[in-house]
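Trainee: I'd like to learn how to read helix packing and salt bridges in a model. Can you walk me through it?

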Amino acid sequence: MTTMVPGRTGRVGKWWTGPMRRGRVVLAALAATGTLLTACGSSSGSGQSITLYNGQHEQTTDSLVAGFEKATGITVNVRNDDEDTLADELVTEGSRSPADVIYTENTPAVQYLADKGLLAPVDPSTLAHTPSKYNSPQGLWVGVSARVSVLIYNPALIAESQLPTSVLQLADPRYQGKLAFAAGETDFQPIVTSVDRTYGRSATLRWLEGIKTNAGSHVYPDNETIADEVNRGVVAFGVVNQYYWYRMRAEIGAANVKAKITYFAPHDPGYVLDISPAAVLKSSTHQAAAQKFLAFITSKQGQEIIARSISYEYPIASGVTTAQPETPFDQLQPNAITIPDLGDGSTAIALLKEAGLL
């Protein structure tokens, strides 16, 4: 893999306001001047600090950082951007990078860094917090939380019984003009990889060409936009991760949510579990403090923060389960694609480019 997808068009959905918003315009300006953001509520009692490159949603990370700073007295300076942008920057920065830790939404970005030899081994005691199938096979990053792909739909435009039950059906001509997806989202890449692993390259390219035709003008920059457009009745249905619907409902109120979510058939290649990982940079000059951060966010205390937060992600470490009213994690029935199968995302990127979607 020579490059990650450059600069996804943002996390700023129309309903993504207040504490839910990633604020990319402000963050981009700060990044351009080399300014790092210091998380709110930090404590400098220990006199230590680390720099976190954060490709996760801010509402997830902010809560974890606040808890870590309170527990350890270590200040965390947070640089926010899309995970693919941060991964490319880390490759460019190499041993000169100011980053100590990277935390992303999906595994391909950190696996890309692992393949470049830029990550330090995670402490074995920390890896033990998370089931091994959700960690780096080489022990170079640890799984922190998870989300799952779903169909979001507007019942006024399409009945649940009319929705596809298989991801391949998204390319069926009967859905022309009804489908929305975000080709540039790194959340979409694992689905493409899953389809490729199951059906092969030729079938995956035909599928991508079919869904491109069906979506037409409804190929959106991000999942927030899909959720908003489906909810407003602009398009009938789309593919997102489950937490976008729950966050939208929390943001605008249940009475204003017309959209619903449902799943592909159990174990279908479109029913993908995405793992959010964290890793320590080999070049970090604060190895001990950086390892403490990974240990905290996968500890029971850190996972309880995720379980009760407005992130609506699933905690996957230290035996903690979500406290939010969503489908229990142990009742999900995703495709059995593994972390090694997902790789560094290069296969998905190449297929999306060949289909003219990137």
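Predicted model: local features only at pLDDT ≥ 70, side-chain atom pairs only at ≥ 80, totals over all residues.

Trainee: Let's start with packing. At what angle do helix 2 and helix 10 pack, and how far apart are their axes?

Mentor: The general idea is that two packed helices are described by the angle between their axes and the distance between the axes. Here, helix 2 and helix 10 (residues 287-297) pack at about 120°, and their axes are 10 Å apart. The crossing of this pair is right-handed.

Trainee: Which residues make the contact?

Mentor: From helix 2 you have Leu64, Val65, Gly67, Phe68 and Ala71, and from helix 10 come Ala289, Lys292, Phe293, Phe296 and Ile297. Those contact residues split into eight nonpolar, one polar and one charged.

Trainee: Now helix 9. Which of its residues are buried?

Mentor: Buried means under 20% relative accessible area. In helix 9 (residues 242-252), the buried residues are Gln242, Tyr243, Tyr244, Trp245, Tyr246, Arg247 and Met248.

Trainee: And what covers the buried residues of helix 9?

Mentor: The cover includes helix 2 (58-72), helix 8 (223-232) and several strands, among them strand 6 (142-153) and strand 8 (237-241).

Trainee: On to charges. How many salt bridges are there?

Mentor: In general, side chains of opposite charge can pair when their charged atoms come close. The count for this model is eleven salt bridges. Take Arg79 and Glu89, whose side chains meet at 3.0 Å, N to O. Arg79 sits in strand 3 (residues 75-80) and Glu89 in helix 3 (residues 83-93), so the pair ties together parts ten residues apart in sequence.

Trainee: Are Arg79 and Glu89 buried or partly exposed?

Mentor: Arg79 counts as buried at 10% relative accessibility, while Glu89 is partly exposed at 22%. Arg79, Asp81 and Glu89 are also linked in a network of salt bridges.

Trainee: Where do Glu105 and Arg147 lie?

Mentor: Their side chains form a salt bridge at 4.0 Å, N to O. Glu105 is in the loop between strand 4 (101-103) and helix 4 (107-115) and Arg147 is in strand 6, so the pair ties together parts 42 residues apart in sequence. Both Glu105 and Arg147 are buried.

Trainee: Which parts of the chain does the pair Asp341 and Arg197 link?

Mentor: That salt bridge spans 3.8 Å, N to O. The pair links distant parts of the chain, with Asp341 in helix 12 (residues 339-342) and Arg197 in helix 6 (residues 189-199), 144 residues apart. Asp341 is partly exposed, with a relative accessible area of 25%.

How values were computed:
Residues numbered from 1 in each chain as written. Heavy atoms only, no water. Buried < 20%, exposed > 50% of the residue type's maximum accessible area, 1.4 Å probe, protein only. Helix = DSSP H or I, 4+ residues; strand = E, 2+ residues; numbered from the N terminus. Contact = heavy atoms within 4.5 Å. Axes fitted to C-alpha atoms, helices over the stretch in contact; angles between N-to-C directions. Left-handed = near helix turned anticlockwise from the far one by under 90°. Nonpolar A, V, L, I, M, F, W, Y, C, P; charged D, E, K, R; others polar.
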